Amino acid sequence: ASLALMLELLGNEVRTAYDGVAAVAEAEVFAPQVIFMDVGMPRLNGLEATRRIRAQPWGRSVAIVALTGWGQTVDRLRSREAGCRSVV
């Protein structure tokens, strides 16, 4: 919520979703340029949500940044393999 607020204060149009299923649905409707994807979301984790977004024609060019507290090398690799361009 605080990241969304900061992005809005900087003049961006922002949408939020609190689980992976909702994230995929919201991304399809909103067609964002950038997605900050929480890897540890409920219902559908952020990596699987990223894969589903990337599988859609509209999702191939979206910049997706993985947000996670899991910072091991294997976690970064999994995020990139799912289609995230950056891992924070």
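A crossing of two helices is called right-handed if the near helix is turned clockwise from the far one by less than a right angle, and left-handed if anticlockwise. The exercises below apply to a predicted model.

**Exercise 1.** Determine how helix 2 and helix 3 are arranged relative to each other, and which residues form their contact.

*Solution.* Begin with the geometry: helix 2, residues 20–30, packs against helix 3, residues 46–54, at an angle of about 25°, and their axes lie 9 Å apart. Angles under 35 degrees count as roughly parallel, and helix 2 and helix 3 are therefore roughly parallel to each other. The handedness comes next, and the crossing of helix 2 and helix 3 is right-handed. Turning to the residues, Gly20, Val24 and Ala27 on the helix 2 side meet Ala49, Arg52 and Ile53 on the helix 3 side. Classified by type, this contact has 4 nonpolar residues, 1 polar and 1 charged.

**Exercise 2.** Carry out the analysis for helix 3 and helix 4, giving the crossing angle of their axes and the classes of the residues in contact.

*Solution.* The axes of helix 3 and helix 4, the latter spanning residues 73–82, come within 8 Å and cross at roughly 20°. That angle makes helix 3 roughly parallel to helix 4. From helix 3, Leu47, Thr50, Arg51 and Arg54 meet Arg78, Ser79 and Ala82 of helix 4. Sorting the residues of this contact gives 2 nonpolar, 2 polar and 3 charged.

**Exercise 3.** Describe the largest pocket by its volume and by the residues that line it.

*Solution.* The volume of the largest pocket is about 800 Å³. Its lining consists of 25 residues, of which Val14, Arg15, Thr16, Ile35 and Phe36 are the closest to the centre. Helix 1 (2–9), helix 2 and strand 1 (34–38) are the elements that give two or more residues to this lining, and strand 1 supplies the largest share, 5 residues. By class, finally, the lining has 18 nonpolar, 3 polar and 4 charged residues.

Key:
Residues are numbered from 1 along each chain as its sequence is written. This is a predicted model: local features need pLDDT of at least 70, side-chain atom pairs count only at pLDDT 80 or more; totals for chains, interfaces and linings use all residues. Side-chain values use heavy atoms; hydrogens and water are left out. Axes are lines fitted to C-alpha atoms, for helices over the stretch in contact, and angles run from 0 to 180 degrees between N-to-C directions. Helices (H or I, at least four residues) and strands (E, at least two) are DSSP runs, numbered from the N terminus. Angles under 35 degrees count as roughly parallel, over 145 as roughly antiparallel, 65 to 115 as roughly perpendicular and the rest as oblique. Contact means heavy atoms within 4.5 Å. Ala, Val, Leu, Ile, Met, Phe, Trp, Tyr, Cys and Pro count as nonpolar, Asp, Glu, Lys and Arg as charged, and the others, Gly among them, as polar. On a 1 Å grid over the protein atoms alone, a cavity is a set of points where a 1.4 Å probe fits but cannot get out, and a pocket is an open set with protein on both sides within 12 Å along at least five of seven lines; lining residues have an atom within 4 Å of a point. Grid points are joined across faces, edges and corners, and a volume is the space filled by probe spheres set on the points.
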